[in-house]
Amino acid sequence: MSAQHIAARRPGFMERERLQGFLDVFRLLGYRTLGPVVEEETIQWREVDTIDALPTGVHARQGAGEYHLEVQSDNRLFAWNHGPQAIKPLLFSAEETLWHERLMADGQVDIKQTLPEVKPTAIFGVRACDLAALALQDRHFLSQQNPDPHYRIRREALFLIGVDCAFSAATCFCTSTGDGPSLGEGFDIGMAELDDGYLAWGGSAKGGEIIDGLSLEPATEAQLNSMIQETDRAAAQQHRFLPGETELKQLYDKLNHGHWDEVGERCLSCGNCTAVCPTCFCYSTGYQRTLDGRSAEMKRQWDSCFSQTHSSMGQFMLRRETALRYRQWLTHKLAGWQEQFGRSGCVGCGRCITWCPVGIDLTQAVAALLDGGLADV
Amino acid sequence: MNRTKPKLAIHKFSSCDGCQLALLNLGESLLELPKYVDITHFAEAGPNNPNAKVDIALVEGSISTPDDIERIKQVRENSAYLIAIGACATTGGLQALANLADRDAWMAAVYARSDTIETLSSSTAISEHVKVDLELHGCPVNSQQVTAALADLLVGVKPVSERQPLCMECKRKGVVCTMVTKGEPCMGPVTRTGCGALCPSLGRACYSCYGPAETVNDGALAQRLQSLGLTTEAVARRFLFITSGAPPFRDAGLRLRPPPLETDE
């Protein structure tokens, strides 16, 4: 964490006992409050009214194809690093109705857009990688020419309370993508968890107002040092990494590398990696009709570049083999996105490694593909 | 609208009747159905007219007797559009396990006199005997999928067949992966979706009653299941279970464990 970075935060200190009051502020302001809750042996975003619902001392042990929660003796509420999903499902809904069509008595078709009704929602405990991913999803779904109305309504209702990561999972590699473990930007309020409380600072005008209203004591030098040590520890715990963006572009020179087939042998083409990826945004649409034949709903649902239909044009299937689908995903995510969005589509959260049923590791794949220099192998 | 309603028949072949029960379980939409179609044959529900000409036939069950072969030809001839429903009609069903076993030994072990049993040497999918226009999978079939297909057909649209793996459905529904968190031997990555992720949403592993998904990498999944502690035999049994007649699963199972299935197991 740079000195400039710390200076910009100017955090105040909030004793552990004040956290419930801080949560209550959002409810009083009319927000639905979502936070991390242990459910089905993972960390999930759920409505929380009391900080007792938050996971005390819960750490997430993650590996390739493995996710287990462990309770340790510390009293940290944000020691887990992440669950199966970032905040993607709260914005880009996994299944939703886009519009409703009805055949009227006069033969005209009445089309009504169905927009989500959402309450203002404050999310506690958003991670730096989640926020980096959100910025990418915003670029995709909120493009000036064609903003997605469903995404936009949910996005505008969000208030984001980010937390620095004090611990990394074995699958994390955000230091190498530059997206964590300390919060960068994109949050309304930032927090860092220390042994005896929290440092908190505003990240947006509305976040700053709330922080000002709390009248926190400015953080001491010792507290600022602890804040740095916390994220330094998380960074030091990371052993996986991706090379820089210039090197990642060289994946395009490796289209005939033998490693694609090796991954293709192991890959189930199940789409789990794309579903848990906080930046993947592909979907399919289809009608759901009523029996009377007079009305229909246009449905949208998450799709994946690992599905056959996704790689089909009419009856022609573009990517028949799994190796080609994996190649499409990896090269698009890491190289293609740079042209499309100005940066790689990977934020280093490692979910694709954890939630792959057979534990395929994209950092290993990239290392194998880029090993041996630039020449096409 | 005064035009005649399309005619619908529901036929049963070698099966447990569970798919017909799934249709009976539809509740209100079952009562709504006769407003739009004329149900000419559905013996389990009442109408019994198996030889009527119809626009749409739903066929439950596999072909396992000489009589089944004659009947399915007749049904095909009488039906403009034929939908095979459920694991039996689409893959031969649970009873197709007999295709991999020593049939005579089993018959002798089960029946007092096997010469009174008239059966084919195999139980097979409807599509192996007549042209099938649409297959809806599952044991039993998901009745919502059936009504969705009927709703499409009634307005003249070709119904879409689900082919993606169950994992996509779990992720869309926010169901946590039982394999990654609990080491459950889940068949989801190779199984066709359509059930609504029923078993994983209850924390259980999928046992593949919908049969093979569009892409089946059985080798990679078998390796993973073995690393979770399953024996080769146990992995073979997960492929050779309800839809052992589906070629990708039959081949996967037989690669792991050659036939025949022994009677003493």
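This briefing describes the domains, the chain contacts and some local backbone features of the structure above. The model is predicted: local features need pLDDT of at least 70, side-chain atom pairs count only at pLDDT 80 or more, and totals for chains, interfaces and linings use all residues. Residues are numbered from 1 along each chain as its sequence is written, while chains are lettered from A and ligands numbered from 1 in the order in which they are written. Chain A is divided into two domains, domain 1 (3–236) and domain 2 (245–370), with bounds that come from an automatic or database domain assignment.

**Domains of chain A**

- The C-alpha centres of domain 1 of chain A and domain 2 of chain A are 25 Å apart.
- Contact between these domains involves 39 residues of domain 1 of chain A and 30 residues of domain 2 of chain A; two residues are in contact if their C-beta atoms, placed from the backbone, lie within 7 Å.
- On the side of domain 1 of chain A that touches domain 2 of chain A, at least two residues each come from strand 5 (66–71), strand 6 (95–103), helix 4 (128–141) and helix 6 (174–177) of chain A. Helices (H or I, at least four residues) and strands (E, at least two) are DSSP runs, numbered from the N terminus.
- That side of domain 1 of chain A holds 18 nonpolar, twelve polar and nine charged residues. Here Ala, Val, Leu, Ile, Met, Phe, Trp, Tyr, Cys and Pro count as nonpolar, Asp, Glu, Lys and Arg as charged, and the others, Gly among them, as polar.

**Contact between the chains**

- Chain B has 34 residues in contact with 37 residues of chain A.
- Helix 2 (28–32), helix 6 (143–154), helix 7 (166–173), helix 8 (178–182) and helix 9 (218–227) of chain B each supply at least two residues of the side of chain B that touches chain A.
- Helix 6 of chain B gives the most to this side, with six residues.
- The side of chain B that touches chain A is made up of 19 nonpolar, seven polar and eight charged residues.

**Chain B as a whole**

- Chain B contains eleven helices and five strands.
- Buried residues account for 48% of the 265 residues in chain B; a residue is buried if 20 or more other C-beta atoms lie within 10 Å of its own, exposed if 12 or fewer, and partly exposed in between, with C-beta atoms placed from the backbone.
- The C-alpha trace of chain B spans about 65 × 55 × 25 Å along its principal axes.

**Hairpins of chain A**

- Strand 2 (residues 32–39) and strand 3 (residues 42–47) of chain A run antiparallel and are joined by six bridges; two strands pair if DSSP finds at least two bridges between them.
- Val38(A) stands opposite Ile43(A) in strand 3 of chain A.
- This hairpin has two residues between the strands, and Glu40(A) takes a positive phi near 50°. Glu41(A), in the loop between strand 2 and strand 3 of chain A, has a positive phi of about 60° although it is not a glycine.
- Strand 13 (residues 283–289) and strand 14 (residues 295–302) of chain A pair in the antiparallel sense over seven bridges, and Thr285(A) has Arg300(A) as its bridge partner in strand 14 of chain A.

**Cis peptide bonds**

- Gly180(A) and Pro181(A) are joined by a cis peptide bond, with omega about 0°.
- A cis peptide bond also joins Cys139(B) and Pro140(B), with omega about 0°; Pro140(B) lies in the loop between strand 5 (134–136) and helix 6 of chain B.
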